[in-house]
Structures are given as C-alpha cells and as structure tokens.
Amino acid sequence: MEEPIRITSGSNELFGMLHTPDAAPPRATILVVNSRVEYRVGPHRFYVRAARRWTEEGFCVLRLDHPGNGDSPGDEDYSHMDSFPVEPVVDAVDFLRAKSGDLDVILAGLCMGARNALYGAARSSHVRHLLAFGMPFSDATPYIGVGTEAESKTIGTAVARKAMSGYIKRMADPDAWRRLVTGKSDYGVLKRILPAALGIGRNQIFKEPVFRSLETLLSRQSQILFLFGTNDVFLPDFQDQYALVRRKLPDGAAGCTVELIPEANHTFSRVEWQKRAIASSMAWLEEQFPPCGPAS
Amino acid sequence: MAEAHLNVPEPLFLTEGGQRQFACLHRAVGEAPSSLGIVVCSGLTDEHIACYRIVYQLAEFLAAAGISVLRFDPPGHGDSEGELADATPERMARVAGLGADVLCERTASTQVGFLGVRLGCAGALAAAQNRSGSFCVAWAPILSAERYFRDLLRRQILSDMMYGGGRRSVDALLTELSEGVGGGEGIDIGGYLLTGSLHQAFCASDLPEQLARPGVPLLVVQHEKPTAGSPGPLLEQVARAVPCHHTSNVEIFWNFPREGSVPRSPNDWFEVTRDWILERARGVAGGR
C-alpha cells in the first residue's frame, strides 16, 4: 500500500510517500533521501521503482521531500547540493522508528541523495545501514557547476580533470582570456583544480565531512553498500580515494560492500540499469535482513 | 518565488483504468473564492520531474488568487501507477476529467478548466473539449510530437554511443517502434519505455490544427525560442490562429538547465494565466 503522509520537522510539515508491505510485519524500514534536484521520485523515477520492489519483499519504505522540495512547504533555495539540512532526515528516522515499533531504519539515496543519507545516518544513532547509489566521495562542485562550498577544500582527480577540460576548451575564447587578465576569473577554483587534476595531494582529496560521517557510522559496526555504475563519472574518484582511506576507517571498513553495475551511468538512466541496481540492492538487503529477522 | 503557504494541499488518488493516479488538491483561499477551478496535466518523462515544483508553485499561486487547483501525476509518472505507455492523451483526459469531478465535489468550483504543460496539453485540450463550459490553457505545447520524439530518440542514440552501445539510426528505432520489435516492450528514453502505441497516439493528433479550432476558450502561453517539438513555423502558425502569450524572458523550465540546478519559476506565465482565468470568471473574455 502507498499512502501520502506528513511528518513534523521543525516548523515544517514534510511530505512523504509511505510504502507498506501487504504481509505484516515489515522486515525493516527504508528511508529514501533525495538530492536538491529531483523530488521524492528520484532521478528518472528510480526511487519509485526501487521502493515498490523493496516493499514487495517485505520492507516498509518512506520517500521524503525536503523543505521546499516536491510537495513539502518552504521556499528554500538551496545554493548547493550539499546544503540540505540534516534535521529532516533525523526527524524522519525517528518517525519511522516510532511508527514501526523501533524496527531498523536503512538510509538510501542516489548521488547527493546518498550523501544526504550518509550525513543523516551519522547523526541518527540508531541507523546502522546505508544504501548509497553513486555517492560522490569528493566535492562535485566543478562537475555539477553549482556555487561553491565553504567546507570543501579539495576535489577529486576525475572531477578536477573534467573541470580542467572545460578550461582547456575555453582557451580559444577571447572572453575567457579577458576575464583572466582583468582578474575576473575565479583563481581559487583554478588553484584547487590544477593540483587535483595533476594527481598532486591525493591523500587530501577525500571530502572531510564524508570521511567523518563514514567513520561515525562504521564505528557502530554499520553495514554500507556502495553501488556504482561502471560508467559513473564519480567512480574513478571513489576507487582512487576509497583505496586510500579504507584502512583509516573503523575495522578497515569491513562493513562496506562495493557493487558495480556494468555499463550503467551515474543516475541509472535506463530501465534495465535501474532493474539491475535494484536487484543488487535487494540481494544485499536479503543478507542484512533475512526473512526470519535481522542478521546483525 | 515566495510561496503563499496559505493552505495545505490535500493528496488523493484518482482511480482510472484500474490504476491509482496520484493527485493533489489546492483549495482556493480568501473570502470570495472563484467558482472556477483548474486541473493541471503536467508533461511527461523527465519533464514531469523538472516541472514538478513549478506546477506546485503555480497551484499555490492560483489558489491564493481564489482558483482551486487539482494537479495529478500522469499514468506511469511520479507516484501514479502504470508506465509511460499508459500516458496516452485519451487516458490523461479521462484522469483529468475525474480530477474535475473532484474539484466540483470538494470545492466551490462549478466551472472547471484544464491547463496542460508540454505533452500534457493534448490531454488537457481533450478534457476541456469533453466538458461543458470548460476552457483550456496550454503551456509550451508540443506542436509536433513526431519531431519531439525524434529528438528524444536522437538523444538516446547519443547516450548509447557514449556508454558503449551500438550505433542505430532514428529511423531504425522508429521502425522498431512501429513494428513492435522486442515484444513491443518499448525503447528506453532516459528511464522510460516509449512504445509504438504511445508514439502513435501522440503523433496521430494534429495539435496545431486542434489549437486553431479548439471549440473552447483557449490561451496558449509559449516561449519564443523554437525547440525540437515546437519548431518556429509551427509556433508562428499557432500564434496567428489563437490568443498567444509569447515570452522570451523566462528560463526553459521543463528541462534541468544544467546538471545540479533547478529551473526557476516562470512568474510571468503564472500572472498571465491567473489574469486570463479570472477573466473567465468575470465573463469579460469572449473566448474562442
């Protein structure tokens, strides 16, 4: 069954769509967190398809709209995809636990939705499972072309190289040179991009809040599934940085599983890729929450 | 744009063809709500997602002006059941008709019009033509569904090439569609399966001709910039035939302007639409 609900978060009544399995009781609950761009249905309606599939297998799922997003009130104008407040996620976790009789809550999301889910999971002491689809580990700002972020001091190699290629293309543009000479170019961005593009300072490119949140989450013996398409633009950075930092994470990041979906891109923009990603997530969920009860 | 926050939209489901279609009712606010209501048929595929918040803001804006609004997710979109194949103009018109009934039952609306966005215009116009005393507003209508789908298929081919797929021509894909190759499951266009029957359903309707002889009062609001689905000559043809509001000062809001950013609200379109609908209530406009 799917029913619209509202949950209180601060002064907002946030909108969400709650999926409950026909066969009661549910094995666990899943909170799907979105990014700034898409609302609760996710990119290419991925969250709707995933939620319906997970519900068929006995999970309760809530797809939530942040303030000012989808059907939630508010006129927030998020200047950066990483600027979603974490409180609504924490409040939604509390709501689901209260509604389900303290069942486990798994946080899930795609791209920045995954990052928002990670930040929320780190803040909610009860959360011990994260399903992260295509989560950027480094600062995605040069790639997504939105604003800047004070907390972000470093970016990943793949992202930096993509940004550099943009600068190289603009070398033939007289306006670009005019901006450079007249001091109108953002030298700060160039200063950040160039070393990263050249692979200098590889130990520094892991995004600090991501690392801290992972550290917090894994210190609770949490289980995390990182799921990427092999054509995901963020995959090279993930592979590069994850190899560097995993030994610094609690238990050597033993709770983390990495799955790759052949050919798929960052947002799983084809029905077939979505089906494979959902099937992969379902297999992981089956391991974590077998029908007879939670494993961990 | 600042939102009114005057009332809380009421989510509901409309059942059509055995499938539940998600809808949201925005009741008119103010001491003297208009007797007019409007049902919004949004665009399809990812345009539905790109426009979602803008349609929400439009509904809030019109409700604040005393016009009750019901917006719904077309079959296979948003929180509705079904797949893209179910979102034919006929089915959208039937869902919109159910939405109009809800408006009349639950609000002070006695006269209901329909507003379509992009491909949703075909459903909105059909719904208006099916309902006595109705009217229609068409936002950026797709004037050539054939060209529109060709463009989507062309983009899909580019995507296939980028991700290591085989190179196919648009004509080959169109042949696959018409012949129902692969069991007729459809061709993936960005996470939605385009079937031959849906393609045919939209291409068969001559929207410029229908807009020229709508049979109901009609306002067309369109962007001056030609697009794949609305080439310049067709924009001009429609502009000559029906009352049109042309703008160039709003962002193309039915696509994500660039990755990571959200389209801005076309406030100008909101105001033009509100004023034209309120003219209906005053009985001033002659209508066409």
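Here is a short tour of this predicted model, stop by stop.

Before you click, note that residues count from 1 along each chain as its sequence is written, while chains are lettered from A and ligands numbered from 1 in the order in which they are written. Since this is a predicted model, local features need pLDDT of at least 70 and side-chain atom pairs count only at pLDDT 80 or more, while totals for chains, interfaces and linings use all residues.

**Stop 1: the sheet of chain A**

Eight of them make an open sheet with mixed pairing, in the order β1-β2-β4-β3-β5-β6-β7-β8; two strands pair if DSSP finds at least two bridges between them. Look at the edges for β1 (2-9) and β8 (256-261): each has a single partner strand, so one side of each lacks a neighbour in the sheet.

Now pick β6 (residues 129-133) and β7 (residues 223-229) of chain A, which run parallel and share five bridges. Leu131(A) sits opposite Leu225(A) in β7(A).

**Stop 2: helices in chain A**

Select α3(A), which packs on the sheet and touches β3, β5 and β6 of chain A; a contact here means C-beta atoms, placed from the backbone, within 7 Å.

Axes are lines fitted to C-alpha atoms, for helices over the stretch in contact, and angles run from 0 to 180 degrees between N-to-C directions. Show side chains to see where the two meet: Leu118(A) and Tyr119(A) are among the α3(A) residues involved, and Val210(A) and Leu217(A) among those of α8(A).

**Stop 3: over to chain B**

Chain B has an open, mixed sheet of eight strands too, ordered β1-β2-β4-β3-β5-β6-β9-β10. At its edges, β1 (10-16) and β10 (244-247) have a single partner strand each, so one side of each is left without a neighbour. Zoom in on β3 (residues 36-41) and β5 (residues 111-117) of chain B, a parallel pair with six bridges. Cys41(B) has Gly116(B) as its bridge partner in β5(B). Helix α3 (residues 120-129) of chain B packs on this sheet, touching β3, β5 and β6 (136-139) of chain B.

Technical notes: Helix = DSSP H or I, 4+ residues; strand = E, 2+ residues; numbered from the N terminus.
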